[in-house]
Amino acid sequence: MGRNLALVGAAVDIQTICSGLNLANDGIWYGRGNAAVSYPADGHEQCFAVEDSSFWFRHRNACIVAVASEFPPPGDGAIFDIGGGNGFVSMGLANAGFDVALVEPGHVGAVNAKRRGVRNVICATAESAQFTPHSLSAAGLFDVIEHIDDAPAFLRSVKGLLRPQGYLYATVPAYQSLWSDEDVSAGHYRRYTMSSLQATLDAAGFDLLFASYIFRFLPVPIFMLRALPHRLGISRGQRMPDAASRDHRVKQGLASRLLQGMLDREVELLKRRQSMRFGGSCLVVAKCR
């Protein structure tokens, strides 16, 4: 998925559901005021540098599109990708035929999303955008919830934006036992099991429609290369500028083909609505109660 593409996806009538936004000359809708976000200052640029070539970001997109296709937004409404960063997921959903709007409080992420070709970009928090209550058909929180200190309160606020029976799509990192320096530097508050994520969603007024782990091969290398050194107090030291790129790049060859085969198998299982019981991330679809 390249950059500087023509804008993809239908235009969403933002003005009818957001009262706190102004459309700027750069084509981005801006909210009033800023909010503190538990995310590295250079996080968007680091991700933007690797997303297009990363097996991890590509596979997460494929999994999200698979479950969104099986559980499409009620009434074929738009998916509001809240905290959507550089728009990589938004672009993937738009290319799959979904109407999408990106809601990203970080200016760098919003500008990158526009560069990437996302049509509807809102640079604001869900609060500062001043959404009309119960106006959205669906919201996406893709690796967002773990960045929120009071996750139940945040999810209740998102539920307040959704229509009755509206859908929530979400991904989070799995297993607190895999906690490492990487989580600290990423601004995470926690990792989840499927049961703890379900309990958090239940407390916020959501019922699960579908839940599965993804990235089944990742927990072991994450534990050995990140979590175990963290537990032993062995610091990885200051990471080199190209470290993130190396983590996300897989050299061509037999290993690459085997990895792609495993990832394709996961997508096929999701297309059959079959859940996986183990993996590096949790993926859920939930409905407002």
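This is a working chat about the packing inside a predicted model.

Colleague: What should I know about the model before we start?
Modeller: It is a predicted model, in which local features need pLDDT of at least 70, side-chain atom pairs count only at pLDDT 80 or more, and totals for chains, interfaces and linings use all residues. Residues are numbered from 1 along each chain as its sequence is written, and side-chain values use heavy atoms, with hydrogens and water left out.

Colleague: Which residues have the most contacts inside the largest nonpolar core?

Modeller: They are F80, L93, I122, F131 and L141, in a core of 80 residues; a nonpolar core here is a set of buried Ala, Val, Leu, Ile, Met, Phe, Trp, Tyr and Cys residues joined through side-chain atoms within 4.5 Å, and buried means under 20% relative accessible area, with exposed over 50% and partly exposed in between (1.4 Å probe, protein chains only). Helix α2 (residues 55-70) gives the largest share of this core, nine residues, where helices (H or I, at least four residues) and strands (E, at least two) are DSSP runs numbered from the N terminus.

Colleague: And what is I122 in contact with?
Modeller: Leaving aside neighbours within four places in sequence, the partners of I122 include I14, W29, F80, L102 and F131, with contact meaning heavy atoms within 4.5 Å.

Colleague: Switching to helix α5, which of its residues are buried?
Modeller: In α5 (residues 151-161) the buried ones are A151, F154, L155, V158 and L161.

Colleague: Why are they on the same side of α5?
Modeller: They cover an arc of only 100° around the axis, so they fall on the same side of α5; the arc is that of the directions from the helix axis to the C-beta atoms. In general, an α-helix has 3.6 residues a turn, so residues three or four places apart point the same way.

Colleague: What covers them?
Modeller: The cover includes the strands β3 (79-82), β6 (136-142), β7 (162-173) and β8 (206-214), together with α7 (194-203).

Colleague: Now the rings: how many aromatic pairs are there?
Modeller: There are nine, counting rings of Phe, Tyr and Trp (its six-membered ring) whose centres lie within 6.5 Å, with planes under 30 degrees apart taken as stacked, over 60 as edge-to-face and the rest as tilted. One of them joins Y167 and Y169 edge-to-face, at 6.3 Å centre to centre and 75° between the planes.

Colleague: Are Y167 and Y169 buried or exposed?
Modeller: Y167 counts as buried because its relative accessibility is 16%, and Y169 does so at 1%. Elsewhere, ring pairs link W56, F57, F88 and F215 into a cluster.
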